[in-house]
Amino acid sequence: MTKNEKKPALQKADEPKPASTSNEAQMFGPDREESEMPPSDGEGDLMDIDDLNADEDRFADYEIRLHAMMRARLGRPVRYRTSEGKKTIVRLANQHQADTVDSSSDRERRSTMRAQRNELIEFFALAGPSDHHRIDEVAADLFAQHMLLGTAIEHIRSSSQLALNRGASWFAFHPLLIASPPGLGKTSFVRNLATAAGLPVIYIDCSLEKTVTSITSSDSVFGTSRASALISGLAEHKVANILVVLDEIDKLTDVSRNASATPSGNLIGLVQRETAKVYRDSHLQMTVDLSYLNFIFLANDLSRIAAPLKDRVKVVQLAPPTAQQIADIATREVERRGLDPRLVPILRRATVTGKIRSLRKLHKLLDAAQATKSRPLLN
């Protein structure tokens with residue numbers, strides 16, 4: 001080689017780019033080419049692996065999950081089996097929406113919105129009881145604690161059983177509205193339901209809301225705009241069929257301009273499956289599938305709720321409990337909690353004389369007795 005000749009450039013091997021650990025969806029690119037398949041409302045594909053050795057479980061589970069993620073499509077859940085049991089995942093938003101250009105001049109605001117979009121294009125779990133026997137067990141446990149809510153419990157049981165029969169492999173029931181006088185234990189019921197079903201909860205006290213934007217979100221052009229409680233809850237828990245509880249829905253108000261007299265009517269798009277599947281979040285400017293959410297509305301006055309909303313949910317209206325019902329519940333609760341049986345005649349006498357007129361007061365007394373078993377509850 002002469003002095004003036006240049007040495008050939010060394011060829012460097014292409015180094016593979018590391019996959020994102022914070023966003024599993026990006027591991028396969030925004031538009032991975034696969035044959036188009038019709039959406040399914042059922043459980044999707046079931047992938048299996050047999051006779052796993054203990055040392056191979058972790059790697060095999062990871063490989064199966066990757067395969068499931070590659071097959072998942074918007075509105076098409078994929079079910080797969082690992083060494084820990086069966087799992088189901090689903091997409092709620094398309095990946096290309098994460099790259100939407102924001103018109104806001106606020107750099108921090110644009111960064112926050114982009115991060116929120118990225119969270120929504122990840123894969124979400126579909127969880128909860130996934131067989132008929134387990135659903136019956138959940139219903140039985142709830143009835144043991146909430147006798148007066150038997151009609152609501154039966155709706156949840158039968159509706160979720162029907163969802164399984166139609167192909168779901170997760171906990172799902174038709175939206176429910178429970179209307180009753182205060183003190184019947186509606187709030188503690190939904191809390192116990194979430195615990196029994198193993199689902200996280202998005203709880204919204206509608207009596208504290210002055211507009212519906214915290215539930216439905218507002219347009220991003222407004223400086224006060226922020227992600228709705230539903231979007232934030234989904235991003236936090238990564239569960240698509242999360243339990244959404246809107247307490248005191250009859251006290252929901254809207255003081256904004258041109259507001260409706262019955263703002264609860266603005267929630268129709270959330271409980272109607274056809275519209276919920278393509279719900280447009282105005283803050284993030286993206287379409288999100290909210291059709292997997294499980295809604296429970298709680299109210300005291302049924303007349304203050306928009307008729308179109310009542311037409312789209314199961315309405316359970318309960319009367320105030322009688323003294324005899326409260327006494328019977330007191331008897332069962334003393335036994336269930338393992339309290340001193342001598343409390344039973346004391347509590348029954350208190351209900352007859354009107355000292356205990358609501359389940360709320362009864363449970364407060366029982367809680368106090370449970371916390372201090374050595375002290376007498378009543379004289």
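This is a predicted model: local features need pLDDT of at least 70, side-chain atom pairs count only at pLDDT 80 or more; totals for chains, interfaces and linings use all residues.

Me: At what angle do helix 3 and helix 5 pack?

Reply: Look at the axes. Helix 3 (residues 132–145) and helix 5 (residues 186–197) pack at about 150°, and their axes are 10 Å apart. Angles over 145 degrees count as roughly antiparallel, so helix 3 and helix 5 are roughly antiparallel to each other. Their crossing is right-handed.

Me: Which residues make the contact?

Reply: Helix 3 brings Arg134, Val138, Leu142 and Gln145. Helix 5 brings Phe189, Asn192, Leu193 and Ala196. By class, that contact has five nonpolar, two polar and one charged residues.

Me: How many salt bridges are there?

Reply: A salt bridge needs a side-chain nitrogen of Lys or Arg within 4 Å of a carboxyl oxygen of Asp or Glu. By this rule the count is eleven.

Me: Where do Arg134 and Glu137 sit?

Reply: Both are in helix 3, three residues apart, and therefore separated by about one helical turn.

Me: What does the pair Glu122 and Lys238 tie together?

Reply: Start with the distance: the closest N and O atoms of this salt bridge are 3.8 Å apart. Glu122 lies in the loop between helix 2 and strand 4, and Lys238 in the loop between helix 7 and strand 7, so the pair ties together parts 116 residues apart in sequence.

Me: Is Glu122 buried or exposed?

Reply: Buried means under 20% relative accessible area. Glu122 has 14%, so it counts as buried. Lys238, at 22%, counts as partly exposed.

Definitions and conventions
Residues are numbered from 1 along each chain as its sequence is written. Side-chain values use heavy atoms; hydrogens and water are left out. Axes are lines fitted to C-alpha atoms, for helices over the stretch in contact, and angles run from 0 to 180 degrees between N-to-C directions. Helices (H or I, at least four residues) and strands (E, at least two) are DSSP runs, numbered from the N terminus. Angles under 35 degrees count as roughly parallel, over 145 as roughly antiparallel, 65 to 115 as roughly perpendicular and the rest as oblique. A crossing is left-handed if the near helix is turned anticlockwise from the far one by less than a right angle, and right-handed if clockwise. Contact means heavy atoms within 4.5 Å. Ala, Val, Leu, Ile, Met, Phe, Trp, Tyr, Cys and Pro count as nonpolar, Asp, Glu, Lys and Arg as charged, and the others, Gly among them, as polar. Buried means under 20% relative accessible area, exposed over 50%, partly exposed in between (1.4 Å probe, protein chains only).
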